[in-house]
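Dear colleague,

Please find below the sequence and structure that I am handing over to you. My findings follow directly after it.

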Amino acid sequence: MQLPQHPFGTAITLKDIAKSLNKSPHWEDRYRELIRLSRKMPTLPEAWRTTDNEIFGCENRVWLAYTLTPQGNFHFVLESESRIVKGLLAILLSQCEGQPPQNIADVDLLAIFGQLGLAQHLSTTRNSGLRAVAEAINNAARAALHHDQ
């Protein structure tokens with residue numbers, strides 16, 4: 001079964017997201033922007049919502065599924081039961097979608113949340129969950145690099 005497509009990292013870049021969030025001076029406006037982003041996320045088919053794809057340590061259930069394209073680039077799909085989490089996951093996707101493993105294996109995917117002024121508004125458990133997702137993405141990239149050697 002093929003993973004669904006999404007606009008993050010291609011039609012909607014990290015630069016686009018940053019521009020939209022920076023236009024929103026108040027946390028409530030940024031919160032609404034995250035919800036708007038979540039609506040552009042595809043739904044991960046049930047067949048991919050397995051224990052192997054579930055990221056543990058998150059406040060809400062989160063799944064990470066990915067494939068490598070024939071060109072060797074990642075196609076990630078992230079799913080959460082929470083709209084705000086899906087919006088945060090869209091920010092992660094905008095950094096790693098379509099990238100080769102070497103571009104994301106050791107990247108701090110969470111740094112952008114501080115740069116965007118979001119990190120300080122997130123609960124400890126939400127930050128822990130995002131850290132678990134970012135680590136899973138980094139680990140997938142490291143595994144792909146190791147597999148190629």
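Helices and strands are taken here as DSSP runs, a helix being at least four residues and a strand at least two, numbered from the N terminus. Please note that this is a predicted model.

The UniProt record, an unreviewed entry, annotates residues 20-138 as "domain: Fe-S metabolism associated". Within the model, that span is 45% helix and 13% strand, and its end C-alpha atoms are 26 Å apart.

I begin with Ser24, which sits in the loop between α1 (14-22) and α2 (27-38). Ser24 counts as buried because its relative accessible area is 10%, under the 20% cut-off. Beyond its neighbours within four places in sequence, Ser24 contacts Asp29 and Arg30.

Arg30 is itself one of the buried residues of α2, together with Glu33, Leu34, Ile35, Leu37 and Ser38. These buried residues pack against α1 and α3 (83-96). The helix α2 comprises 12 residues and spans 16 Å from first to last C-alpha, close to the 16 Å expected at 1.5 Å a residue.

Leaving aside neighbours within four places in sequence, Val133 is in contact with Ile55, Cys58, Val62, Leu78, Leu89 and Leu92.

With kind regards

Notes
Residues are numbered from 1 along each chain as its sequence is written. This is a predicted model: local features need pLDDT of at least 70, side-chain atom pairs count only at pLDDT 80 or more; totals for chains, interfaces and linings use all residues. Side-chain values use heavy atoms; hydrogens and water are left out. UniProt positions are given in the numbering used here, feature names are shortened, and annotations may be inferred rather than shown by experiment. Buried means under 20% relative accessible area, exposed over 50%, partly exposed in between (1.4 Å probe, protein chains only). Contact means heavy atoms within 4.5 Å. The expected span of a helix is 1.5 Å times one less than its number of residues.
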